[in-house]
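Hi there,

Here is the structure I promised to pass along. Have a look at it first, and then read on for what turned up.

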Amino acid sequence: MSSVPVPTSGSTVVADTASVLDVAPRLLRPGLQLATAVAADLAVAVGALGLATLAGGPMAPGLVLCVPLVWLLLLAVAGDHTARRRRLMPALGDAVRPVLRAGAVAGLAGWVVSVRAPDAAGSEQLMLLAALLVGGTLLLRTAPVLPVPGPVTALGRRLGAVGTPATPVVVLGHAGDVAPVLDELRRPGRPLTPVGVCLVEPAAHTAGVVTMIGCERTAELVDRTGAQAVVVVPGPGLDPSVVRRLGWELEARRVEMLMGTGLVDVSSARTSVAYAGALRLLRVRDAGRHGARWAVKVAWERLAAAAALILLAPLLLAVTLAVRTTSPGPALFRQTRVGRDGRPFTMLKFRTMRQGTETVDQTLAARNEVAGGVLFKLRQDPRITPVGRVLRRYSLDELPQLLNVVRGEMSLIGPRPALPQEVARYDADPRRRLAVRPGLTGLWQVSGRSDLSWEETVRLDLSYVDNWSLGLDLAIVARTVGAVLGHRGAY
């Protein structure tokens, strides 16, 4: 990014005019999104009426007209539409709770009818209708976070049931603290996009967007850029009283304030708010790699690997014969890798290279396509045999590692197994990958594999190590099928 004159106190620097001119369309998005979401809720109500009619027969015309409007009113009273209009990134619980409140009222009304008039026609039909309303609306709300792709998931993301994509925000803080926040927000697919920066103190460079100096000018910058939220990065000069007064100014503008925590790649399931008098603290629980849940992971993975070895025996035999008959050398390739807590083990793979060419010479090293110098990957590696290319393309060369899983040296899901020479170059962050057993598949493998940079690889592996859960394992298993069929990053 090109440097600009040093901003001084009270000055304004326009570093990116396009971001300011693009504000007007973004301001229309919340209202349009709310209208679309309300229309989707109305469609769910109509669909629930149709299903209830098919199951229990025709309903009274007045009921047919009232149900959709009453359901929208219940959702509004429960805070659902208000939450989606004002909250930029509501958590799943924020999206679900209003629906459950509205559903409880609808279900209670149906129950009262069934109790007061047990012989009345349609009382059971009303209960079914309430269940359909709640179920259909919950599906619409939760679709964006479902791990399995599909038309319902795509529709939910398009309607924005959870979160508002690309919402313009202003970032407030010190230059050194703001820089990594901007880098994160500028990554593809992030729900927030920075359109302005308010620095507590003057800095040598601007951030590539409209920049003002002095936290007291934050509200002015919000007005100028049309931002819908302010991201506050805590630091010196931003004491509680300053932040509280800023909150008052933003409230008057119906602009949301988001407080940064300094945490990156920490799952929301590991965090909760704790109270110490008037002080609010964010509790961060450990990753839970112990106890019954971890024992379940170890047990099911070893059993699944043993079953896979039996079921895939004919395929393993066929690959063994293909490797042995097309190039001299053994079918299996054995290599020392580093496992949990730095313990070395012998990893098994089907041989995909010519015998004796495992070492990377200086000529090949100069052609390395992975930035960072720790990993070596080459799309057109001359050492790979024709059969080896097919095996790598479909990840068949990894199948012998099922035996490593059965022996307890690897897991089905985990970080990629590292070479000793790679581990020797690790600093503190990559070494965290060794806290768990390496995996046959993992976030790295299903997110691009060799197409990723070294930094992205480490980040994905650390995210898995720090946020492990059985649900995450199941999601990775589901994505592995698509990653293998898609061949992305397999070479």
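A word on terms before the findings: two residues are in contact when they have heavy atoms within 4.5 Å of each other. Please also keep in mind that this is a predicted model.

With that in hand, take Ile476. Leaving aside residues up to four places away in sequence, Ile476 touches Ile413, Thr441, Gly442, Leu443, Val446 and Tyr464. Ile476 also belongs to the largest nonpolar core, a set of 20 residues. Along with Leu402, Leu412 and Tyr464, Ile476 is among the residues with the most contacts inside that core.

Several elements build this core, each supplying at least two residues: helix 11 (291-311), strand 10 (344-350), helix 15 (401-406), strand 11 (411-413), helix 18 (443-446), helix 19 (454-466) and helix 20 (470-486). Helix 11 gives the largest share, with three residues. Another core, of 19 residues, lies apart from this one, and its members include Val170, Leu172, Met212 and Leu250.

Cys198 and Cys215 show why. The cysteine sulfur closest to that of Cys198 is in Cys215, 6.8 Å away, which is too far for a bond; a disulfide would need the two sulfur atoms within 2.5 Å. Seen from Cys215, the closest cysteine sulfur is likewise the one in Cys198, at 6.8 Å. Both cysteines are buried: Cys198 has 0% relative accessibility, and Cys215 has a relative accessible area of 18%.

Best wishes

Note on methods: Residues are numbered from 1 along each chain as its sequence is written. This is a predicted model: local features need pLDDT of at least 70, side-chain atom pairs count only at pLDDT 80 or more; totals for chains, interfaces and linings use all residues. Side-chain values use heavy atoms; hydrogens and water are left out. A nonpolar core is a set of buried Ala, Val, Leu, Ile, Met, Phe, Trp, Tyr and Cys residues joined through side-chain atoms within 4.5 Å. Buried means under 20% relative accessible area, exposed over 50%, partly exposed in between (1.4 Å probe, protein chains only). Helices (H or I, at least four residues) and strands (E, at least two) are DSSP runs, numbered from the N terminus.
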